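Here is a friendly walk through one protein model, a part at a time. Keep the picture open beside you as you read.

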Amino acid sequence: MKAGVVSVHFSWSTSLIVHLSRAQILFAVLALCTASIWILPQPTAGENYRVNFVDVDGNAFSTADGHITILVLLGKSNIDKAHTVGDRTPDFCLANSVYRMITVLAFEKKHSKPVRMILTSLMRRRVDSEARQLQTRYDQLKIARNARQDISAVADFDGTISTQLGAQGTAGLFRVFVFGRNGQLLKQWNDVPKAEELAAVLK
């Protein structure tokens, strides 16, 4: 009788250990997979990166298409910082076909096509507003050009661009990259760079 009880207890304990082991293995695998998703390779200065995107106006761009590109990658809580980067861009870059600034807004959540259309429309309105402010600067510098042609914003709805730049689309995301003509990463910041820092890289 006692032997039977011991045998049952031993079998139950053994079974529990096996199940726990399987659960621990499964948890470890899931943890590793999660880590691989969230730990993305960070861009390295000096390396070449070809990142392709289409802005809210339908214009196609690449970080390796012969321009020097200031790329601002941000989440919704840091939109105003992009304006500050624009203000700190040197005068010699304005209306200069060699240089351009592109703002990429990364969305945290997936959105349906109708919602994407609405968000894209709202982004265009924001770009129009930024263009009016930039036009004032153009007028002061006597630059005879429509500033709206020089402002580009991209909606990263699915995280494709963010991932290529080693980031996750969170509300607090903010990074500034400067790419050379062939896509070489010249410099990157996790906050708004000082005007002199930006100018030094762009010269």
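## The largest pocket

In this predicted model, the largest pocket is lined by 48 residues. If you want to find its centre, look for Met101, Thr103, Ile151, Ser152 and Ala153, which lie nearest to it. The volume of this pocket is about 1,100 Å³.

Which elements give two or more residues to the lining? They are E3, H2, E4, H3 and E5. The largest share of the lining comes from H3, with 10 residues. And how can empty space be found at all? Rolling a probe the size of a water molecule over the atoms shows where such space is left.

Now turn to helix H5, which covers residues 195-202. Its buried residues are Leu198, Ala199 and Leu202. Seen down the axis of H5, these buried residues fall within an arc of 100°, so they line one face of the helix. On the face turned away from the buried side of H5, you will find the exposed residues Glu196 and Ala200.

What do the buried residues of H5 pack against? Their partners are strand E3 (68-74), helix H2 (79-87), strand E4 (99-106), strand E6 (174-179) and strand E7 (185-189).

## Rings that meet

A search of the whole structure finds three aromatic pairs. One of these pairs joins phenylalanine 92 and tyrosine 99: their ring centres are 5.7 Å apart and their planes meet at 65°, so the pair is edge-to-face. The angle decides the label here, because planes over 60 degrees apart count as edge-to-face. Phenylalanine 92 is partly exposed, with a relative accessible area of 34%, whereas tyrosine 99 counts as buried at 15% relative accessibility.

Phenylalanine 107 and phenylalanine 157 have ring centres 4.7 Å apart and planes at 20°, so this pair is stacked. Phenylalanine 107 lies in the loop between E4 and helix H3 (113-140), and phenylalanine 157 in the loop between strand E5 (152-156) and helix H4 (160-164), so the pair ties together parts that are 50 residues apart in sequence. Are these two residues buried or exposed? Both phenylalanine 107 and phenylalanine 157 are buried.

There is also a charged residue to look for beside a ring. Lysine 81 lies over the face of phenylalanine 174, at 5.1 Å from the ring centre.

## Loop residues to look up

Alanine 95 is partly exposed, with a relative accessible area of 35%. For lysine 142, phi is also near 60°, and its place is in the loop between H3 and E5. Lysine 142 counts as exposed, at 74% relative accessibility.

Glutamine 42 is partly exposed, with a relative accessible area of 43%. Its C-alpha atom is separated by 6.8 Å from that of leucine 165, a residue 123 places away along the chain. Which residues does glutamine 42 touch, not counting those up to four places away in sequence? The answer is Tyr49, Gly166 and Arg175.

Definitions and conventions
Residues are numbered from 1 along each chain as its sequence is written. This is a predicted model: local features need pLDDT of at least 70, side-chain atom pairs count only at pLDDT 80 or more; totals for chains, interfaces and linings use all residues. Side-chain values use heavy atoms; hydrogens and water are left out. Buried means under 20% relative accessible area, exposed over 50%, partly exposed in between (1.4 Å probe, protein chains only). Helices (H or I, at least four residues) and strands (E, at least two) are DSSP runs, numbered from the N terminus. The arc is that of the directions from the helix axis to the C-beta atoms. Contact means heavy atoms within 4.5 Å. Rings of Phe, Tyr and Trp (its six-membered ring) pair if their centres lie within 6.5 Å; planes under 30 degrees apart count as stacked, over 60 as edge-to-face and the rest as tilted. A charge sits over a ring if NZ of Lys or CZ of Arg is within 6 Å of the ring centre and within 35 degrees of the ring normal. On a 1 Å grid over the protein atoms alone, a cavity is a set of points where a 1.4 Å probe fits but cannot get out, and a pocket is an open set with protein on both sides within 12 Å along at least five of seven lines; lining residues have an atom within 4 Å of a point. Grid points are joined across faces, edges and corners, and a volume is the space filled by probe spheres set on the points.
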